[in-house]
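Biologist: I'm new to this one. Walk me through the pockets and the ligand, please.

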Amino acid sequence: MTVIDGDRSAPALSALRTDGFVVLPGVLSGAELAAARDHADDLLRGVGWSDNDFDGRRTRRVYSLLSRPGALEPLLLHPEVHRLVTACLGEVYQFGMLFLSAVDPGQGAQALHVDAGVYPLPRQVEAETNVIWALDDFTDSNGATLIAPGSHRWADGRRPQPHELVPAVMPAGSALVYSGRLWHAAGHNAAETTRRALICEHVLPWLRPADNHILATGVEQLRLLAPALRRLAGVAPASDYLGLVAGQDPEQWLRQTAAD
Ligand SMILES: O=C(O)CCC(=O)C(=O)O
């Protein structure tokens, strides 16, 4: 497993292309991590377990994060992650699925999957580059994400065998950046503590994102977001003619309708 320290942009990109993932340890400062954890706990308070096997019946999930990004904003916009995403997807892309997850003790391993499997695209298209932020240490025992290195290049129909999986063990504050074509799953949490993560997909701008961020966030809150978050919410047009509002650039439309 490639874990990159030091000046890491070029080796990280090379590992991401070769292995389909890269772990960037210690991306967050202690203060950023503490604030992100506190905000995650606020968001998770009172949230129940998911009601299906895939999301996890001992896992709590929180969506609609753009309506209350708080201390998660530095993670959502982290330049080191976005340099890698830009290298894979180009200058314009948008958030796909975006959620906090708290994998509680006793949660079994998730079904293996590829995030980009929601799109009926040829396997070789890199439609998504995603990140799992470890808000707690990811360990062998607490359900560190299981990944099949190199599986982003596998042909349609090939599935990982148990011996092909490795746990993405990493300290809290690290980022696992991976291809949307990589086979992976949350591991079994056999520990006594919860394993929290922020999971953030980035997808090509001309695809429908898994979450509808515009509806989930609402126009008033979109106006209040940092411009970079607003673009990632899907406000940025994909091209000159794709993603306009009433024939206008969405940013212009937001300014104009605020003034009306
Ligand atoms: O929590 C993890 O390690 C991965 C979760 C995941 O891939 C998913 O829920 O789609």
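Modeller: One term to start: helices here are DSSP runs of H or I with at least four residues, numbered from the N terminus. Also, this is a predicted model.

Biologist: Fine. Which helix gives the largest share of the lining of the largest pocket?

Modeller: Helix 7, with 4 residues. Helix 5 (213-217), helix 6 (219-224) and helix 8 (250-259) each supply at least two residues as well.

Biologist: What volume does that largest pocket have?

Modeller: About 520 Å³. It is lined by 27 residues, and those closest to its centre are I214, A233, G234, V235 and G243. By class, the lining has 19 nonpolar, 5 polar and 3 charged residues.

Biologist: Switching topic. Where does the ligand sit?

Modeller: In the second largest pocket, which holds about 420 Å³ of space. Among its 29 lining residues, F54, R61, F99, Q110 and H113 lie nearest the centre.

Biologist: And which strand gives the most to that lining?

Modeller: Strand 3, with 4 residues. The lining of this second largest pocket divides into 13 nonpolar, 9 polar and 7 charged residues.

Biologist: What surrounds the ligand itself?

Modeller: Its shell includes R61, Q110, T145, H184 and R195. By class, the shell has 4 nonpolar, 4 polar and 2 charged residues.

Biologist: How many Å is the polar side-chain atom of R61 from an oxygen atom of the ligand?

Modeller: 2.5 Å. For Q110, a polar side-chain atom is 2.9 Å from a ligand oxygen, and for T145 a side-chain N or O atom is 2.5 Å from one. The protein covers 95% of the 300 Å² of accessible area that the ligand has on its own.

Technical notes. Residues numbered from 1 in each chain as written. Predicted model: local features only at pLDDT ≥ 70, side-chain atom pairs only at ≥ 80, totals over all residues. Heavy atoms only, no water. Near = heavy atom within 4 Å. Polar contact = N/O pair within 3.5 Å; in protein donor to acceptor, adjacent residues only side chain to side chain. Areas by Shrake-Rupley, 256 points an atom, 1.4 Å probe, with all protein chains shown as cover. 1 Å grid on protein atoms, 1.4 Å probe; cavity = no way out; pocket = protein on both sides within 12 Å on 5 of 7 lines; lining within 4 Å. Sits in = over half its atoms within 2 Å of the grid points. Nonpolar A, V, L, I, M, F, W, Y, C, P; charged D, E, K, R; others polar. Points joined across faces, edges and corners; volume = space filled by probe spheres on them.
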